[in-house]
Amino acid sequence: MLAILVAALLVANPSFATEPELDGDSNIYGYVVASLQEQKIEQLAERMGVHLTPVIQRANSVCYDELGCFDKKGTFKHLKQLPEPPETVNTQFLLYTKKNPTVPQFLDYKKPETIINSNIDPKMPLKVLTHGFGGTNNMTWLWELKNALVEMEGVNVIIIDWSLGARAPYYVTAVVNSELVGAQGANLYYTIKEKLGIMEKDLHVIGYSLGAHVAGFFGKRMQQLRGTKPGRITGN
């Protein structure tokens, strides 16, 4: 409930950064270990008939409208967990261009007008960047890469902020949520293509850590939806 409340507040008052976050990620390894241990405890409890997981996670599959269905027998069958609802993950798509290099415009694949009325230049390539586990929209590398792309190349840059879905210390949850975020990214791209004409060959998706998973699922969902794929995917 707390995560849903936080998501609702962010939707009502979207937040974004105007400077990079200089804190490191030295605690991430510890979070990963703790999250995996917690999952083992939950699975053991399930076998003993004790439910520690939320009701939604006791289902075998879940469907989220245009994002399609996710199954425990799918990609993450070894984790036996489903993505959280989109309203909990609260993915934000932040657009930066030459016209707005610092303050983003918020895009929504459910609201085409946010794309039509944006500063996207259909004559320029589209770069989509995303953080990983425990990240935010202003991780140092993300911010510096965005600045370089906008200032030096003049391209359209979208930062995917799924910080609630990738929040520490819930590593396993973040892993599973990455598939949902990738599907959301693919939906956004096709709306951009339909409204502004940016082609797949001009689409480059870049992700770090679990963001690389997002990038991969972005391409996978494009293939599932229309049999196409990004011109380029970079994962690290």
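Helices (H or I, at least four residues) and strands (E, at least two) are DSSP runs, numbered from the N terminus. The model is predicted: local features need pLDDT of at least 70, side-chain atom pairs count only at pLDDT 80 or more, and totals for chains, interfaces and linings use all residues. Residues are numbered from 1 along each chain as its sequence is written, and side-chain values use heavy atoms, with hydrogens and water left out.

**Exercise 1.** Determine where Ile 206 is placed and whether Ile 206 is buried or exposed.

*Solution.* Step 1: Ile 206 lies in strand β7. Step 2: buried means under 20% relative accessible area, exposed over 50%, and partly exposed in between (1.4 Å probe, protein chains only). Step 3: the relative accessibility of Ile 206 is 12%, so Ile 206 counts as buried.

**Exercise 2.** List the residues that Ile 206 touches, not counting residues up to four places away in sequence, and do likewise for His 204.

*Solution.* Step 1: contact means heavy atoms within 4.5 Å. Step 2: Ile 206 touches Val 128, Leu 129, Thr 130, Leu 145 and Thr 234 under that exclusion. Val 128 is 78 residues from Ile 206 in sequence, yet their C-alpha atoms are 6.0 Å apart. Step 3: His 204, also found in strand β7, is buried at 8% relative accessible area. With residues up to four places away again left out, its partners are Leu 126, Lys 127, Val 128, Arg 232, Ile 233 and Thr 234.

**Exercise 3.** Compare the span of helix α7 with the expected value, and identify the elements against which its buried residues pack.

*Solution.* Step 1: the expected span is 1.5 Å times one less than the number of residues. Step 2: α7 (residues 210–226) has 17 residues and reaches 24 Å from first to last C-alpha, close to the 24 Å expected. Step 3: the buried residues of α7 include Val 214, Phe 217, Phe 218 and Met 222. Step 4: the buried residues of α7 pack against β2, β5, β6, α6, β7 and β8. Step 5: Gly 227, with a positive phi near 70 degrees, follows α7.

**Exercise 4.** What is the angle at which α6 and α7 pack, and how far apart are their axes?

*Solution.* Step 1: axes are lines fitted to C-alpha atoms, for helices over the stretch in contact, and angles run from 0 to 180 degrees between N-to-C directions. Step 2: the angle between α6 and α7 is about 50 degrees, and their axes are 7 Å apart. Step 3: α6 is therefore oblique to α7; angles under 35 degrees count as roughly parallel, over 145 as roughly antiparallel, 65 to 115 as roughly perpendicular and the rest as oblique.
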